[in-house]
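Please look through the structure shown here.

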Amino acid sequence: MTAQSAVREKLSRLGIRNDLDLILHLPIRYEDETRLFAIADVPQGQTVQIEGVIVHSEVVVRPRRQLVCQVEDNSGVLVMRFLNFYGSQIKTYAVGKRVRLLGEVRSGFFGAEMVHPKCRIVHAGESLADAMTPVYPSTAGLSQKMIGKLIGQALQSNQQMLTESIPDNIIRKYQLAGFRDSVMCLHNPLPEVSLAALQARTHPAWRRIKFDELLAQQLSMRLHYRQRRSHTAPVLTQKDGLRQAFLAELNFQLTAAQMRVAAEISRDLNSPYPMQRLLQGDVGSGKTIVAALAALQAIENGYQAAIMAPTEILAEQHFQKLAGWFEPLGIRVAWLSGSQKKKQKQAVLDDIASGTAQLAIGTHALFQDQVIFHQLGLAIIDEQHRFGVHQRLALRMKGAQSGQVPHQLMMSATPIPRTLSMSYFADLDVSVIDELPPGRSPIVTKLIADNRRDEIIVRIQQACEQGKQVYWVCPLIEESETLQLQTAMETCENLTRVFPHLRIGLVHGRLPPQEKAAVMLAFKQGEIQLLVATTVIEVGVDVPNASLMVIENAERMGLSQLHQLRGRVGRGTEASICILMFQQPLSEIARKRLKIIFEHTDGFEIARQDLQLRGPGEFLGARQSGVPLLRFADLEQDGDLLKAAQATADELLNNYPQLAEQHIARWLGEKAGYLRV
Ligand code: ADP
Ligand code: MG
């Protein structure tokens, strides 16, 4: 490998492939080498520079081998300590040498000390840096000096890349700094620039960069949105016959929120553009009914609808429910699962292809090649975050044969905080069910350390005696599914021993689908009193008589998972309890999570706090593969910029299409294409 290609390889590890990437490779922080502090006055816990002469230097071997020097200036003495060092450093840092140290000062056993400072030999009176020193994200074998040099070269030879992409009126409106000035300032801040503003990224130069980044994201999302409107979709009008009959058959009234979102969806279906709507609603808010209404609208217009769910249990449950609702109305509902026998499956496929089946419900099996729809008008995807972009697209393309694209409704019980839906989901329309059906009694959450298991056993006994049903959720063991299964079986055996008189069932991911369905049915019908389960029951399972849930090792689970699990109880009118068992000691993050889930039941609030804990990367999950993540903007801190970028995106697309294109190319390059269709 030549030296150059070695450097190139290292740069590509940092996501840098060309000069533009280099130019936009901005510092993670800055060091202040523009001034010297007197040793006697250094502030604690802050990175500062001092200069002095080495007055003592020795290799100490206890407690472990380390190089310890004493550095003195006019005001005092400071210890410099290296825990890892080369032999050559012992000679370099010899008594009498004058050094400049940059580091954080802590008070150690022998007074003020710096551990592993940045240290270099200087001569008396050597000039200070005249600007803050940028520190760049780096990778092994690529020095700061090297990165700085490469960036400097890129800046010098590519000034044309720094042209302004935002029109004057917008710059003035939001009081933005110029692009060129901002880039230059962040790479080479002038001495008078405030270090604090640079570090906190509140400096106008940073705000401009963040604005640009958010704008690029908004532009690409809006383009996807507009592009979709260049396709046509079947116009599905709302007819009242089936709808009325269906609503009359229900033994409850829709909530105001359900009616509102149903109307939003209905309006979309009634338009010639493919709907791409995300329906958000907390666990138990009643999304299924809303999906059913949408499916009816497609069916009434002579089109088919499909509902795809991420697990067999959930798909099966949807099938039961919707078939129960629809078949009395004379609608044919088909059920497609990966585990069906060949012959049976073929019959279902034939029904879907001929159009006999008006609604098809299933798992991933629905978007496989053999599935051909007669005329798909609406694809509904439940728990959309469980599917990748490609899977969702595949189902959608199923209906695209006739030149029209079907409408798509995505449902999510993992609420997406508003800032996220404004940014990463800006290509979708969003409907929110912000109200639970009436008559639910709130769930009481209890945190119990697992050495108090006995109390829990008593509670289970009491609940079952009162005719209630109980979930026992086994610990998540991420490293090994086999181990998880084993634990679940052992738990089931133990509980059977503890409760010889209870009817106990076990459900887990490896159970053949028919058995899984049989266990779930038995639980639903009350034949099983205590259901031991792995996290397979996390999504969608709906058994209103179950009012007590025990979750083992809750400290290992993520917030949205805990919220989903807990949402399996509190579905009936009984007061429900969710017991989170945990093992001590708790890590800092686990403690925070448990506190949040203990204090809140509102999924949107939990999601907001989850976002703060984890940042958007992990939060986005599958969507992450389709959308470039923000590198600079912070959605919490930069909410105002996000709003400004949102407004600017439409203005640019309408009035300055060339600038919009240039802006997207600058920030997203080839990444812009990911989300097409
Ligand atoms: P989720 O939004 O979690 O998918 P579901 O659609 O499964 O929620 O609904 C949860 C439960 O609430 C179901 O038993 C459903 O029949 C019931 N439900 C839905 N809407 C209402 C309503 N407006 N009034 C009373 N119960 C309702
Ligand atoms: Mg659901």
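The link between β6 and β7 is a hairpin of 2 residues. Across this pair, G108 stands opposite G111 of β7.

Strand β7 (residues 111-115) also pairs with strand β4 (residues 77-82), here in the parallel sense and over 3 bridges. In this pairing V79 has E113 of β7 opposite.

## The sheet of 7 strands

An open sheet of 7 strands is built with parallel pairing, in the order β12-β13-β11-β14-β15-β10-β16. Its edges are β12 (333-336) and β16 (429-433), each of which pairs on one side only. On average, neighbouring strands of the sheet are turned by 20° against each other, direction ignored.

Within the sheet, strand β11 (residues 304-308) and strand β14 (residues 376-381) run parallel and are joined by 5 bridges. I307 has I380 in β14 as its bridge partner. Helix α12 (residues 312-326) lies across β11, β12 and β13 (359-362). The direction of α12 is at about 170° to that of β12.

## Helix α8 against α6

Helix α8 (residues 204-228) packs against helix α6 (residues 179-187) at an angle of about 120°, and the two axes are 8 Å apart. The angle therefore makes α6 and α8 oblique to each other. Their crossing is left-handed.

On the α6 side, the contact is made by F179, S182, V183, C185 and L186. On the α8 side, P204, A205, W206, R208, I209 and D212 take part. Sorted by class, the contact of α6 with α8 has 8 nonpolar residues, 1 polar and 2 charged.

## Helix α8 against α24

Which other helix packs against α8 at an angle of about 110°? This is helix α24 (residues 657-668), and the axes of α8 and α24 are 9 Å apart. The angle means that α8 is roughly perpendicular to α24. Here too the crossing is left-handed.

From α8, the residues in contact are I209, D212, E213, L215, A216, L219, S220 and L223. From α24, they are A660, H663, I664, W667 and L668. The contact of α8 with α24 has 9 nonpolar, 2 polar and 2 charged residues. I209 and D212 of α8 take part both in the contact with α6 and in the contact with α24.

## Confidence in the model

The average pLDDT of the protein is 88, and 94% of the residues score at least 70. Among its elements, helix α10 (residues 256-269) has the highest mean pLDDT, at 97. Helix α14 (residues 389-397) has the lowest, at 66.

Where does pLDDT stay under 50? This is the case over residues 673-677. The model has 18 contacts beyond four places in sequence for residues 673-677. Where pLDDT is low, predicted coordinates should not be read in detail.

How values were computed: Residues numbered from 1 in each chain as written. Chains lettered and ligands numbered in written order. Predicted model: local features only at pLDDT ≥ 70, side-chain atom pairs only at ≥ 80, totals over all residues. Heavy atoms only, no water. Axes fitted to C-alpha atoms, helices over the stretch in contact; angles between N-to-C directions. Helix = DSSP H or I, 4+ residues; strand = E, 2+ residues; numbered from the N terminus. Parallel < 35°, antiparallel > 145°, perpendicular 65-115°, else oblique. Left-handed = near helix turned anticlockwise from the far one by under 90°. Contact = heavy atoms within 4.5 Å. Nonpolar A, V, L, I, M, F, W, Y, C, P; charged D, E, K, R; others polar. pLDDT = per-residue confidence, 0-100. Pairing = 2+ DSSP bridges.
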